[in-house]
Amino acid sequence: FLPLGRLTLTYCLDMATRYPLGYYLGFEPPSYYTVMECLYHAIGTKGEVRARYGTQHDWVAYGIPYTLVVDNGKEFVGHDLADACNLLGIVLQRAPVQTPHFKAGVERMFGTLNTELLHTLPGTTFSQFEQRGDYDSSRQACINLTDLDRILHLFLLDIYAESFHRGLEGVPARHWEEATRNGFFPRVPPSVEELRILLGRV
């Protein structure tokens with residue numbers, strides 16, 4: 001029961017509906033591996049999340065994005081992501097350096113996750129050092145990866161996706177449902193095995 005380290009969260013958000021597409025949570029530092037796992041989760045169907053995680057709602061969003069907007073973090077730089085996007089028919093757009101407003105939806109989602117979920121859990125390291133004060137994050141940490149994965153599913157599917165979004169002027173889950181009713185069909189790869197190959201490293 002010793003703390004294993006600080007987790008890295010990589011996630012993908014559909015900007016048309018603000019519905020979460022997928023994420024990857026692990027102890028690996030940011031790298032193409034974390035991006036690849038996030039895209040793999042985002043593109044594939046999510047299966048029986050109600051039975052596995054105890055959510056009230058299914059994870060309905062999936063599919064190959066038409067455009068992927070990323071910043072200039074080292075995990076997004078290099079041939080691996082560009083090659084995977086080319087093979088999957090994804091337009092890869094890099095936001096200019098120091099322009100977080102170019103991907104405001106994702107930045108806002110990070111803020112929501114931090115303030116409404118992650119910083120409420122024991123062991124948080126907070127966003128800024130001065131917020132921590134004399135709080136001993138390592139001593140207070142008591143959530144394992146499996147539990148945090150479940151908590152994230154509950155938050156994303158039962159709270160965030162089902163709550164009114166001011167920027168969207170609606171509920172993300174309802175917008176996704178409306179899009180699919182009006183003729184939007186998510187693009188899917190030929191098979192799960194081929195998706196793994198197409199997302200693989202160069």
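Predicted model: local features only at pLDDT ≥ 70, side-chain atom pairs only at ≥ 80, totals over all residues.
**Exercise 1.** Work out which residues of helix H3 (residues 79-88) are buried, and why they lie on the same side of H3.

*Solution.* 
- Start with burial. Buried means under 20% relative accessible area. In H3, Asp 80, Leu 81, Ala 84, Cys 85 and Leu 88 are buried.
- Next, take their directions around the axis. These residues span an arc of only 125°, so they sit on the same side of H3.
- Check the other side. There, His 79 and Asn 86 are exposed.
- Find the partners. The buried residues of H3 pack against helix H1 (32-43), strand S3 (67-70), strand S4 (91-94) and helix H9 (192-198).
- Look just past the end of H3. Gly 89 has a positive phi of about 70°.

**Exercise 2.** Describe the length, burial and packing of H1.

*Solution.* 
- Length: H1 has 12 residues and reaches 16 Å from its first C-alpha to its last, close to the 16 Å expected.
- Burial: nine of the 12 residues of H1 are buried, which leaves the helix mostly covered. Among them are Tyr 32, Val 35, Glu 37 and Leu 39.
- Packing: the buried residues of H1 contact strand S1 (8-13), strand S2 (20-26), S3, H3 and H9.

**Exercise 3.** Identify the residues with the most contacts inside the largest nonpolar core, then trace the contacts of Leu 81.

*Solution.* 
- The largest nonpolar core has 45 residues, and Leu 81 and Leu 113 have the most contacts inside it.
- H1 gives the most to this core, with seven residues.
- Leaving out residues up to four places away in sequence, Leu 81 touches Tyr 32, Val 35, Leu 39, Leu 68, Val 70, Phe 76 and Leu 92.

Notes
Residues numbered from 1 in each chain as written. Heavy atoms only, no water. Buried < 20%, exposed > 50% of the residue type's maximum accessible area, 1.4 Å probe, protein only. Helix = DSSP H or I, 4+ residues; strand = E, 2+ residues; numbered from the N terminus. Arc of directions from axis to C-beta. Contact = heavy atoms within 4.5 Å. Expected span 1.5 Å × (residues − 1). Core = buried A, V, L, I, M, F, W, Y, C linked by side-chain atoms within 4.5 Å.
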